[in-house]
Amino acid sequence: MKKKTLSILSLCIALIVALALVGCGGSESSGGGGSSASKSEGKETAPVAEKTDFIWFKVEMPEGVGVSDSAGKNADRVQLTFPEDENGSADRFIPVWKKALTAEESHADQAEKKGDTFQWKDGGSVEYNGRTWLVGTYEDNSGISTMLFTDVEPGSVYVLISNFDQHKKEAEALLNSIEFPDDMEEAVSEAREVEISSIEIK
């Protein structure tokens, strides 16, 4: 009877040890799986940069870039500002819609207006985020201003950027994220009715 009890006890102990080993293996494997799952979950939920919607264009706002209503209170007159310099003045990113001109015509129009007086220079073309822009630069008391022209429907948009090289990182972030609606005329008309102060800056 003693022997029987002992062999039953031995069997139980062997069983418990075997279960404990399987348990360890299981938790180890589950730990590894948990870690890779959380990694892949992290990738899936990576934050996507949101764009501020000014109605006639949308853009990601880099850190330090602000909004100005000095040209008018409504969204069709919005201007973006770069960080202020030591004198407290801020260079700008100013988009302008030209309903009746293509990008090429608008570029030629500005070249004629600025001409020799402002040392206009044709900068060829550049591409930002799949969109082609014609480039021109001119000089005045505030430094060198860069103008970029692109076609929209209808017409074209140019963006005036003061001292581009001093704000290259922010300026290129704006140009790489800016997008325009399919119907510019309708969007600009709507923007004329919306105050800049009512737009959520993201």
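**Strand S9 and its neighbours**

Tutor: Strand S8 (residues 143–151) is joined to S9 by 7 bridges, and the two run antiparallel. Strands here are DSSP E runs of at least two residues, helices are H or I runs of at least four, and both are numbered from the N terminus; two strands pair if DSSP finds at least two bridges between them. This is a predicted model, in which local features need pLDDT of at least 70 and side-chain atom pairs count only at pLDDT 80 or more, while totals for chains, interfaces and linings use all residues. Residues are numbered from 1 along each chain as its sequence is written, and side-chain values use heavy atoms, leaving out hydrogens and water.

S9 (residues 156–162) is largely enclosed by the rest of the structure, because 7 of its 7 residues are buried (under 20% relative accessible area, with exposed over 50% and partly exposed in between; 1.4 Å probe, protein chains only). Ser 156, Tyr 158, Leu 160 and Ser 162 lie on one side, and Val 157, Val 159 and Ile 161 on the other.

Helix H4 (residues 184–191) has Met 184, Ala 187, Val 188 and Ala 191 as its buried residues. These buried residues pack against S5 and S9 (contact means heavy atoms within 4.5 Å).
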